[in-house]
Amino acid sequence: MSESPEVLVFGSAIIDFICYTPRLPKAGETLHGHKFQTGFGGKGANQCVAAARLGSHTALIAKLGDDSFGQDYLRQLRAEYVNVEHVQPLPNQTTGIAQIAVSDEGENNIIIVVGANNALNASDVTAAAQFFDQAKVLVCQLETPIEATLHALRQFKGISIVNAAPALEETPGELLQLSTILCVNETEAALMTGMQSINSVGEANAAVERLIEMGANGVIITLGKLGAVCGTKQTQCEHVPAPHVPPEKVVDTTGAGDAFIGALAHNLARYPKEALTVHIAAACQVASKSVQLPGTQASFPFGGDL
C-alpha cells in the first residue's frame, strides 16, 4: 500500500444491484428473475481493481457516501490492495448505485445514480498532487464531473487513458486532445462520431479515423468478441482479434470493458516499450476471462490466472 502508484484512477465508485433474468425486459414489462446479488462497481473502481489484480500498484481518487455502502466499499478496496488515501466518504451524500439486469445470454442493461461521485472536483487533483507526479498511467471515465476530469488530465504528464463512457454526443475537443488514448466501445464510438452503427472492423476503422480528425491522439474501439481496433495520429488502423470464447461459456459481460481498460493500463505501466497492439491483445485476453464468470469486479482475473 505504501508504494508509489503505477496506475492512478480518477473516477467513480458505485455499488451494483444485479438481477439475473432469462432475457432483458421490454419497455413496461415485468419479468421474474432467478437470482439477485450486490457487487462493487463503478467504472473508476472497476478499472483500478482490474489493474491491481494483475499486479500493478494502484491508487483511486473517488467519493463515497458516508453510509454503510461507502464503508463496505472502502473495506473492499483495501482488500484488493488499492491505495485509498484519496477515497473520501462524504457526509449527507449517498454512495453511487447501479441497477443492472443480466440475461441468460450474458447481455445486460444498466441504470446508474452516481450520488457522491458528482462531488469529485479539481481540488481532489490538487490534494493528490504527489500521486499525479508519481504515476505512470492515469485512467479517467465520464461517470464523474467532466470539468474535474479535464483538470486531472491537464495536470498529468504521463500516459493517460480516457474511457469516454457514458458517451457524449458533443464530446469536448479538449477531452480528446488531452488524453493519450481514447478508449470506447462500438456503441459509444457511433454516438461520438454520428455514425448510425458500428458492426464491423471496417466501420470501426472509419470511426477511429473520424475521432482522430476530431482531435484524438490515439483511439481504441473495443468490439466485444471481435476484439478491438486502434489507430493514432502517427499510425494506421490495426485490428487485434480477441480470444475465442464459446457462447455457452459466456456468463456475464458486465464489466468486461473495465477489465480491458484496467489490463491496458497495467500493461502500459509495466511494459512501456511494447507496441500498443501487444497491450491490446493482453487486455482482450483479460476481458475474455472476465465474461466467463458472474459479477463485475468478482469476475476480474488475477495475474496468475492468465
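Here are some questions and answers about a predicted model.

Q: Where does Asp258 sit, and which residues is Asp258 in contact with?
A: Asp258 is in helix α9, residues 256-270. Leaving aside neighbours within four places in sequence, Asp258 is in contact with Lys43, Asn46, Gln47, Ala50, Asn163 and Phe300. An unreviewed UniProt entry lists Asp258 for "active site", and such annotations may be inferred rather than shown by experiment.

Q: What makes Leu60 count as buried or exposed?
A: The relative accessibility of Leu60 is 0%. The cut-off for buried is under 20%, so Leu60 is buried. Leu60 lies in strand β4 (residues 58-65) and, not counting residues up to four places away in sequence, touches Val9, Gly44, Ala45, Cys48, Leu77, Val82, Asn83, His86 and Val87. One of these partners, Gly44, is 16 residues from Leu60 along the chain, with 7.6 Å between their C-alpha atoms.

Q: Why is Leu31 called partly exposed?
A: Leu31 has 29% relative accessibility. Buried needs a value under 20% and exposed a value over 50%, so Leu31 falls in between and is partly exposed. You can find Leu31 in the loop between β2 (14-21) and β3 (35-41).

Q: How do you know whether Tyr81 and Asn92 are buried or exposed?
A: Tyr81 has 64% relative accessibility, and Asn92 has 82%. Exposed means over 50%, so both Tyr81 and Asn92 count as exposed. Tyr81 is in the loop between α2 (68-79) and β5 (82-90), while Asn92 is in the loop between β5 and β6 (96-103).

Q: What makes the phi values of Tyr81 and Asn92 worth a look?
A: Most residues other than glycine have a negative phi. Tyr81, which is not a glycine, has a positive phi of about 65 degrees. Asn92, also a residue other than glycine, has a positive phi near 60 degrees.

Q: How do you know whether the span of helix α10 agrees with its number of residues?
A: Helix α10 (residues 276-290) has 15 residues. The expected span is 1.5 Å times one less than the number of residues, so α10 should span 21 Å. The end C-alpha atoms of α10 are 21 Å apart, which agrees.

Q: Which elements cover the buried residues of α10?
A: The cover includes α1 (43-54), β11 (218-222), β12 (228-232), β13 (238-240) and α9. Among the buried residues of α10 are His279, Ile280 and Ala283.

Methods: Residues numbered from 1 in each chain as written. Predicted model: local features only at pLDDT ≥ 70, side-chain atom pairs only at ≥ 80, totals over all residues. Heavy atoms only, no water. Helix = DSSP H or I, 4+ residues; strand = E, 2+ residues; numbered from the N terminus. Buried < 20%, exposed > 50% of the residue type's maximum accessible area, 1.4 Å probe, protein only. Contact = heavy atoms within 4.5 Å.
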